[in-house]
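I opened a new notebook page for this structure. These entries record what I looked up, in order.

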Amino acid sequence: QLQASGGGLVQTGGSLRLSCAASGRTFSTSHMGWFRQAPGKGREFVAVISWSGGTTTYGDSVKGRFTVSRDNAKNTMYLELNSLKPEDTAVYYCAQLNWYGISTSAVASWGQGTLVTVSS
């Protein structure tokens, strides 16, 4: 089970840190990802991190602004959001992956979302 938290309302240029807490014994051996869904749009890839944390990949729209990390001892993944823009407004979902990939087809299980709203 995945539990995302940390969303909220922030002004343009601001920062947030999202967390994804996982229960169960498979977190430390699973690749993990973040996706987001803006109102009226499909689910978009944001970031993926390998099970060890040694490899990360980002979507083009967030590259250089967002940072994904994980703490396997705490069964938690993080997403640091910086230089936020109104177009970053979306529900952010964490996901456990079947393989290291950027498509929703790689997702084994979804967490519930956390809403990020960026005001202009």
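**Entry: serine 50.** The model is a predicted one. I began with serine 50, which sits in the loop between strand S5 (43-49) and strand S6 (56-58). Is serine 50 buried or exposed? Its relative accessible area is 6%, so I noted serine 50 as buried, the cut-off for that being under 20%. I then looked for its contacts, setting aside residues up to four places away in sequence. Serine 50 touches His31, Thr55, Arg70 and Tyr100.

**Entry: histidine 31.** His31 was on that list, and I followed it up. Histidine 31 lies in the loop between S3 and strand S4 (32-37). A polar atom of its side chain is 3.0 Å from the backbone nitrogen of tryptophan 51. With neighbours within four places in sequence left aside, histidine 31 contacts Ile49, Ser50, Trp51, Arg70, Ala95, Gln96, Leu97, Trp99 and Tyr100.

**Entry: the open sheet.** I turned to the strands. Four of them form an open sheet, and I wrote down the order S1-S3-S8-S7. The pairing is antiparallel. Why is one side of strand S1 (2-5) and of strand S7 (66-71) left without a neighbour in the sheet? Both stand at the edges, and each has a single partner strand. On average, neighbouring strands of this sheet are turned by 15 degrees against each other, direction ignored.

Strand S3 (residues 16-22) and strand S8 (residues 76-81) run antiparallel and are joined by six bridges. Leucine 18 has leucine 79 in S8 as its bridge partner.

**Entry: strand S11.** Which strands did I find paired with S11? Strand S2 (residues 8-11) pairs with S11 in the parallel sense, over four bridges. Strand S9 (residues 90-97) runs antiparallel to S11, with three bridges between them. Valine 116 in S11 is the bridge partner of glycine 8, and threonine 114 in S11 is that of tyrosine 92. I also compared the faces of strand S11 (residues 114-119). Thr114, Val116 and Val118 make up the covered face. Leu115, Thr117 and Ser119 make up the uncovered one.

**Entry: the disulfide.** How many disulfides does a search of the whole structure find? It finds one. Cysteine 20 is joined to cysteine 94, with 2.3 Å from S to S. The two cysteines are 74 residues apart and link distant parts of the chain, cysteine 20 in strand S3 and cysteine 94 in strand S9. The link is right-handed, with 70 degrees about the S-S bond. Both cysteines are buried.

**Entry: salt bridges.** I counted four salt bridges. In one, glutamate 44 meets arginine 36, with the closest N and O atoms 2.8 Å apart. Glutamate 44 is partly exposed at 32% relative accessibility, whereas arginine 36 is buried at 4%.

Arginine 65 and aspartate 88 form another, at 2.7 Å from N to O. This pair is 23 residues apart and links distant parts of the chain: arginine 65 is in the loop between S6 and S7, aspartate 88 in the loop between S8 and S9. Arginine 65 is buried at 11%, and aspartate 88 is buried at 0%. I noted that Arg36, Glu44, Arg65 and Asp88 are linked in a network of salt bridges.

Last, I looked at aspartate 60 and lysine 63, whose side chains meet in a salt bridge at 3.1 Å, N to O. Aspartate 60 is exposed, with a relative accessible area of 69%.

Methods. Residues numbered from 1 in each chain as written. Predicted model: local features only at pLDDT ≥ 70, side-chain atom pairs only at ≥ 80, totals over all residues. Heavy atoms only, no water. Buried < 20%, exposed > 50% of the residue type's maximum accessible area, 1.4 Å probe, protein only. Contact = heavy atoms within 4.5 Å. Pairing = 2+ DSSP bridges. Axes fitted to C-alpha atoms, helices over the stretch in contact; angles between N-to-C directions. Polar contact = N/O pair within 3.5 Å; in protein donor to acceptor, adjacent residues only side chain to side chain. Disulfide = S-S within 2.5 Å.
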